[in-house]
Amino acid sequence: MGIRPARFRPPTGASSAETVSLDGDWRFRLFPGAETGADPADDGSSSSNSSPASDPWDILTVPGHWQLAGAPDAWPYGKPAYTNVLYPIPLDPPRVPRDNPTGEYRRTFDVPESWLAEGRVVLRFEGVDSWFTVAVNGTPLAVSHGSRLPTEIDVTEHVRAGANLLAVRVTQWSAFTYVEDQDQWWLSGIFRSVSLEHRPVGGIEHVRVSAEYDHTSGEGTLRVDVTGPDGEPAPGARVTVAELGIEVGAGEEVTLAVDPWSAEVPRLYDASVTTDAETVALRIGFRTVSIVDGVFLVNGAPVKLKGVNRHEFEPTAGRTVSPEQMRQDVLLMKRHHVNAVRTSHYPPHPHFLDLCDEYGLYVVDENDLETHGFIAAGWRGNPTDDPAWTDVLVDRVTRMVHRDAHHASIILWSLGNEAGEGRNLAAMSAAIRALDPSRPIHYEGDWSSEHVDVYSRMYASTQEVALIGRGEEDALADGELDARRRGLPFMQCEYVHAMGNGPGGFTDYDDLFDAHPRLMGGFVWEWKDHGISRREDLDAGTGETFYGYGGDFGETFHDGTFIADGLLLPDRTPSPGMVEMAAVYAPVRVDPLDVDGDGVSDHLLVRNRYTFRDTAHVRLAWSLHQGHEVLAAGELDDEDTLLAPGEELLLDAPEEAVALAAQAPGREPVWWTVRAVQRANAGAGLDAAWLDGLDGLDGEHVLGAGQLLLRAQRALPEAGDGAASQGADGGFAVGPARFDRAGRLTALGGVAVRTARVDAWRASTDNDHAKQWEAARSDEETWYLQGLALLTERLDTAEVVDDAVVVSGRVAGPATEVGLAFTATWRAVAADAVDLDLTIVPEGQWLGSVPRLGLLLGLEQPDPGAVAAVEVDWAGLGPEESYADSTKAALGGAWRHTVADWQTRYTHPQENGARRGVTSATLTLDGGRTLDLEAADSELGARTLPGLELTLRPWTDQALHAAAHPHDLVPDGVLWVHLDVAQHGVGTAACGPGVLANAALRPAPARLRVRLTVGG
């Protein structure tokens, strides 16, 4: 009777013992405080409602959160609220406010008479937030906590054959709220499944699996210990692995030749564990995790973790995630070259671990612990250092290990997240080591790493990571601890924060991980935006559905957009940051290399970055292409390209490709692109599982890509000899361009021009808005101080010089001396074409970076609604957006989009959509007119940059900056075109380092040259 010891959780349906799901419709009422007055014998039916309140009981679906019961149209039981660090209640542990929303749940369940003849009857709750009491047939039986951990309650003595009443009371706040402050929506209720289980006499209570692999002998050692209901070894328990031809008694150790499990080759063996009363099916993977000389090893080989942090979240259901949604997560991870996941910041739904075993992902399983809000009190009273909390915290890690330890995918246990330092770290570590000494232990919050096996940090800069990789980090005051820590591998448990437009600087970290054996990789923060579905008009239930963040639900205390920081947008659309991650994490990297040292990449370096696989499943396909035209294509010889794990291959372009490139007509650049492609039908039973149904690739999958520029774009032909003229009204004409007397461009071939001026501002990204750690100000603050958000134009001269219209002037903002002097020279090419040569010279004492340098062009369109449908045929680096520090996924080529396609619908609107290295583009405008852009190379200081950066929008940057959500953006009838020499990088300053020096745009003289041709 009461709470039972934590029990391992076999896969759903794996036990022969009978189980009944209690998921589905429950009766429910929400009360304002924990003293509900509801009778646990009240079944909630209208005919027997004995509640002190007159309101009827409702129906609520379990599992689920009561705050999301009516989303996105109605919110009958309160609304979600988001905070990152600070508690939304007073910091007054263990007390909580009197206003404490409390849900009363009721349902009946049937117990078969046979269950009561022998054995026990158990209720199992997989997850309840945050504290709950359970009563059966009116008798209170147990209280429990640990929102993301299972609770089992023996109800044998309190049930009868046939119908029984289950009453569960759940409070939103409890003492345990103080250890569950995990950067997420505060959502309450029975959010994971509930089941009724029959535990037979002589059944299997717990299974401990030890399946080690010896890489030197190729043998695995298996031992399975089976515990019965009395906590003692189960009599007569047997373990069978038919594929290996073994049947042994529980507790016996057997050694035999096996294939090992890894994330790359997730080999599992089906086993059955049997007693006279019960059989449980398990999937066993043989693998060994170790640390040798400061290097993290799996099966004796160094492994780099290319990871993501994953909260459990869905936009309509919160932390109630279905098995199919979990599978979608795993498939997307595998298809984007992720090999590891950290279960931030609690044990996940156990089915997710089944999937990680099956498909192959390394897992850092994290304890349900975070006390971040104690930072507001200088960590005084922190449960991590309070002996009153020792038993609670040890109980949590114990339940996690008991539930999950049989999973081959788990390679590290984590004590929790951002819970400070203290004596309970040692207690939790000791408890884990007693249960499972086979896995290392992780915890980031104590940088001394005294009680763990890896040195972990979050958002350490590339400079610091390089020092750590070389073993040259700052010393600890305690010499023994310092020496111990220098012998540990280093992991970034969070890095390259993927909030909004970003992350930037990804490649810089990855290069360091590759370069230093001590660096074991890291985990991107984070996997998915946590936007909650809601409608624009909540009261009427009408309007566009969008994804809300902090403050969108009437919260007065919240952390705003910081919940929208994922690689996936809320609807599971991969962001450009996720595409960049896939290119950085590519298992077969194809990178340009300057072998001759002349600053020009002349070879491709192909690297097999798998740890355990050769490239027999990979073919190297190449194409020679100019614009949309493929000039030649082929495949490299298999005998020359088969690479063992870690091997490299240096490629140069075939002679025939070089010759064709030199002879290619036109001025567009010619690229030689090599793609590492998954072979069709290769790895059947290995890769097929996660490649099956891959949209648009017919079962093929790109594992890495790179290219060489075999011929740079040719110079624009000289302008024609068409003369510029000045009319009687004082205005100017040159080719298709028309100007007023001051020199303002007013039309291009009949297309009205709303504006055409030098620009140096962008709608701030989340990273621009945030202040880099220890920086004096954010990039956005710097730009505002320099007046860049309020630029105005001064035109000084406009005249005809040598058959060209030359306009000079200056743009600057208010209250600042800095500005940008410019000279724009417009020269006719033909009646329908004009060349623009724009030079920009910064003036004054600048404070730091600038967002962009270039020309803003506004083209009026007859139909405002048609702007988003404008077609764009362009050549440059693509196809997705890219910035100076997010370049790995962008390849030279040609693509067709619409202006709508050009936009990235970030949960929080911000700068987006830039395409770099654009050499040409054709815009098919409303009404059938076309505008061709042909760009010469740009100049920035002493650097020459290919083409220009092109951004297209159906709204202004000011509207983009002001928008809170994508539906706030409405086309205004103007196609806004940015022709930039360069843009500032994006960095990860929202949490971590800002834009690195190699991607920062500093004020410098700039030159932009483009030919504009109007047709139609």
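I started with the helix pair: Thr462, Val465 and Ala466 of H6 meet Asp508, Tyr509, Leu512 and Phe513 of H8, where contact means heavy atoms within 4.5 Å. Helices here are DSSP runs (H or I, at least four residues), numbered from the N terminus. The residues of this contact divide into five nonpolar, one polar and one charged; Ala, Val, Leu, Ile, Met, Phe, Trp, Tyr, Cys and Pro count as nonpolar, Asp, Glu, Lys and Arg as charged, and the others, Gly among them, as polar.

Note on source: this is a predicted model, with local features needing pLDDT of at least 70 and side-chain atom pairs pLDDT 80 or more, while totals for chains, interfaces and linings use all residues. Residues are numbered from 1 along each chain as its sequence is written, and side-chain values use heavy atoms, leaving out hydrogens and water.

Next I checked the geometry. The axes of H6 (residues 462-469) and H8 (residues 506-515), lines fitted to C-alpha atoms over the stretch in contact, come within 10 Å and cross at roughly 0°. H6 and H8 are therefore roughly parallel (under 35 degrees).

Then the cores, sets of buried Ala, Val, Leu, Ile, Met, Phe, Trp, Tyr and Cys joined through side-chain atoms within 4.5 Å. The largest has 66 residues, and Leu748, Trp826, Leu950 and Leu975 have the most contacts inside it. A second, separate core of 63 residues includes Tyr359 and Trp690.

Last, I looked at Asp404 in helix H4 (residues 390-404). Asp404 counts as buried because its relative accessibility is 0% (the cut-off is under 20% relative accessible area, 1.4 Å probe, protein chains only). Beyond four places in sequence, Asp404 contacts Pro347, Leu353, Asp365, Ile410 and Trp413.

How values were computed: Axes fitted to C-alpha atoms, helices over the stretch in contact; angles between N-to-C directions. Helix = DSSP H or I, 4+ residues; strand = E, 2+ residues; numbered from the N terminus. Parallel < 35°, antiparallel > 145°, perpendicular 65-115°, else oblique. Buried < 20%, exposed > 50% of the residue type's maximum accessible area, 1.4 Å probe, protein only.
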